[in-house]
Amino acid sequence: MKWEENVRKVIPYVPGEQPKKADIVKLNTNECPYPPSPMIQKAMEAFPYESLRRYPDPQATRLVTALADNYGLEPENVFVGVGSDDVLAMAFLTFFNSGKKILFPDITYSFYDVWADLFRIPYKCKPLDEEFRIRKEDYFEENGGVIFPNPNAPTGVEESVEMIEEIIRKNQDVVVIIDEAYIDFGGKSVLPLIHKYENLLVVRTFSKSRALAGVRIGYAFGSQKLIKYLNDAKFSFNSYTMNSATIEMGCACLQDKTYFQETVEKIIATRERVKQELSELGFVFPDSKANFIFAKHKTAKAKNIFEAAKQEGIYVRYFNKPRIDDYLRISIGTDEEMDRLLAFLKRYLG
Ligand SMILES: *Cc1c(COP(=O)(O)O)cnc(C)c1O
């Protein structure tokens, strides 16, 4: 059909499975295994139902201000969106318009190439080294922008602030985006650098460390200029992206600092224990600073483990892609969930 020639065709991103079955161990999408803060439930109970007839605040001022206060910034340094996927897509659209290739690692969040294709942004993938580390020199060539997660996904590998700063310093003619979806699990943030580099955007999410994947809140920190450009694009696209209940939930979540800290600490403790046990079972993996472990077994095939685990109702993530098809990405669940996984692995391997 003629009209089809002019369709913007894309190969969409494929998220991890969300099985409907009960009593499964779901370790495949890096969600938080613990419930969100009880303060969110309280806020929802008090939420004025009647207010739903009104449009939400298009600036989400309460949430923007709460984020600014929480991280010691001005509201002008904060942008919010419907999950960090929304924030990242808006950032690609706003900042990557030079026509030159943007750079990101070959093994990374698999949405980056999808957005680049959707927006017709040329890109080049830079191979991580044998230990899944970024080679900083790869990012010193001329480019249209740089993006990578820190810690990286799906590897869990954290790069140092010093190394990332060097990449930013050498790329002051383009926007550099650091996707800190997993930074709360023990990583060191580049956030302070937004005061030094006008072109640095730090993107984060409530989906992993704050247990609100279902609510969809993402945010970004950057210079006032950067944030203004993002808002101009956003308000030229859809003013009312974030609904009023979401704004309330986000604010309530930020208030409960103790719960946030305790939850993150529990996940880190479980992660460190599971690292130990996986090693004893013959798995090898780069050291993870995220809420997942990217592991390969010395003899057993990842694909076979993945399928056998699924038969038992245990879901992990397997990527059938070059360089990583020997690996499983295992999200950190509760201690009980990890014990079920480990018991299965012992049986399967033993
Ligand atoms: C999960 C994830 C996101 C997206 O999270 P949202 O749920 O859209 O906030 C972005 N980047 C990376 C690296 C992720 O792993």
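Predicted model: local features only at pLDDT ≥ 70, side-chain atom pairs only at ≥ 80, totals over all residues.
**Helix α7**

Helix α7 runs over residues 244-255. At 1.5 Å a residue, its twelve residues should span 16 Å. The end C-alpha atoms lie 17 Å apart, which agrees. Asn-243 caps the N-terminal end of α7. A side-chain oxygen of Asn-243 sits 3.0 Å from the backbone nitrogen of Ala-245.

Ten of the twelve residues of α7 are buried, so the helix is largely enclosed by the rest of the structure. Among the buried residues are Ala-245, Ile-247, Met-249, Cys-251 and Leu-254.

**Nonpolar cores**

The largest nonpolar core has 53 residues. Leu-63, Val-80, Leu-200 and Phe-206 have the most contacts inside this core. Helix α7 gives the most to this core, with seven residues. Leu-63 touches Ile-247, Gly-250, Cys-251 and Leu-254, among others. Its contacts also include Val-80, Phe-206, Ile-217 and Met-242. Another core, of 38 residues, lies apart from the largest one. Leu-27, Cys-32, Phe-185 and Ile-314 are among its members.

**Cavities**

The count comes to three cavities of 30 Å³ or more. Helix α8 gives the most to its lining, with three residues. The lining residues include Tyr-259, Phe-260 and Thr-263. Cys-253, a buried residue of α7, also lines this cavity. Further lining residues include Pro-35, Ser-37, Arg-210 and Asp-256.

Conventions
Residues numbered from 1 in each chain as written. Heavy atoms only, no water. Helix = DSSP H or I, 4+ residues; strand = E, 2+ residues; numbered from the N terminus. Expected span 1.5 Å × (residues − 1). Buried < 20%, exposed > 50% of the residue type's maximum accessible area, 1.4 Å probe, protein only. Polar contact = N/O pair within 3.5 Å; in protein donor to acceptor, adjacent residues only side chain to side chain. Core = buried A, V, L, I, M, F, W, Y, C linked by side-chain atoms within 4.5 Å. Contact = heavy atoms within 4.5 Å. 1 Å grid on protein atoms, 1.4 Å probe; cavity = no way out; pocket = protein on both sides within 12 Å on 5 of 7 lines; lining within 4 Å. Points joined across faces, edges and corners; volume = space filled by probe spheres on them. Lists of a residue's contacts leave out its neighbours within four places in sequence.
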